[in-house]
Amino acid sequence: MTTSDPEGGSTPPPVPASPPPASGRRFNLNRNAAALAMVVAALSVGAGALATPLGEHWMKALLDEPTCPGEACEGKSPEKQGCGEDARTFKPDANNPALLQIRYSEDCGAVWARIQRGSPGDQVTVKVAGGTTRTAEIEYGEDKFTNMIATPDGEFQVTACAVPKAGGASTYGTYCVEANEATAWR
């Protein structure tokens, strides 16, 4: 349909105006704002998680670097520092009444000892020749590990002992093992 204008010409019919923005457009803005808020919240939670020991452990695994190499590991927990992941173990199979073991992490540059078959009150000790001694006591259950001792670069000698509590439930006597950097670690 055409219309005529006052000057005698014809003009096309008017095109209807677009409808005003519907509430659906505002809904999309609300949805986008909600999505943005969720992303910000997730990033905040993620950043907070990285600030925890577990987050530190995850970062170590991602970066494949120890969280405390060498002297920085001295006196720290091998579990919390992520040093147990690459650790190798020396545990004599024969005549080892307490299932005593020495753990060595080359990446962390540290050793620690663990007793697996003890009783509350029993102790496990580890000593690096010319260095520190660490002791831990079983509080409950049957196992316990010491904190770490940094090993010197190159050669080292380490001694670990399981020491039963006097009058305690364990039936073995003090039992010790020795290892060094050349030991057949598994």
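Predicted model: local features only at pLDDT ≥ 70, side-chain atom pairs only at ≥ 80, totals over all residues.
## Nonpolar cores

The largest nonpolar core holds 23 residues. Leu100, Ile102, Val111, Ile115, Val158, Val177 and Trp185 touch the most other members. Strand 4 (100-105), strand 5, strand 6, strand 10 (157-163) and strand 11 (175-180) each supply at least two residues of this core. A second, separate core has eight residues, among them Cys68, Cys73, Trp112 and Met148.

Beyond four places in sequence, Ile115 touches residues including Ala98, Leu99, Ile138, Glu142, Ala162 and Tyr172.

## Arg117

Arg117 sits in the loop between strand 5 (110-115) and strand 6 (123-128). It is partly exposed, at 44% relative accessible area. Leaving aside neighbours within four places in sequence, Arg117 contacts Pro97, Ala98, Leu99, Glu142 and Tyr172. Glu142 is 25 residues away in sequence, yet the C-alpha atoms of Arg117 and Glu142 lie 5.1 Å apart.

## Salt bridges

The whole structure contains five salt bridges. One joins Glu74 and Arg134 at 2.9 Å, N to O. This pair links distant parts of the chain, 60 residues apart: Glu74 is in the loop between helix 2 (53-63) and helix 3 (78-81), Arg134 in strand 7 (residues 133-137). Glu74 is partly exposed at 23%, and Arg134 is partly exposed at 23%.

Another salt bridge pairs Asp93 with Arg186 at 3.4 Å, N to O. Asp93 lies in the loop between strand 3 and strand 4 and Arg186 in the segment after strand 11, so the pair ties together parts 93 residues apart in sequence. Asp93 is exposed, at 63% relative accessible area. Arg186 is exposed too, at 56%.

Note on methods:
Residues numbered from 1 in each chain as written. Heavy atoms only, no water. Helix = DSSP H or I, 4+ residues; strand = E, 2+ residues; numbered from the N terminus. Buried < 20%, exposed > 50% of the residue type's maximum accessible area, 1.4 Å probe, protein only. Contact = heavy atoms within 4.5 Å. Core = buried A, V, L, I, M, F, W, Y, C linked by side-chain atoms within 4.5 Å. Salt bridge = Lys/Arg side-chain N within 4 Å of Asp/Glu carboxyl O.
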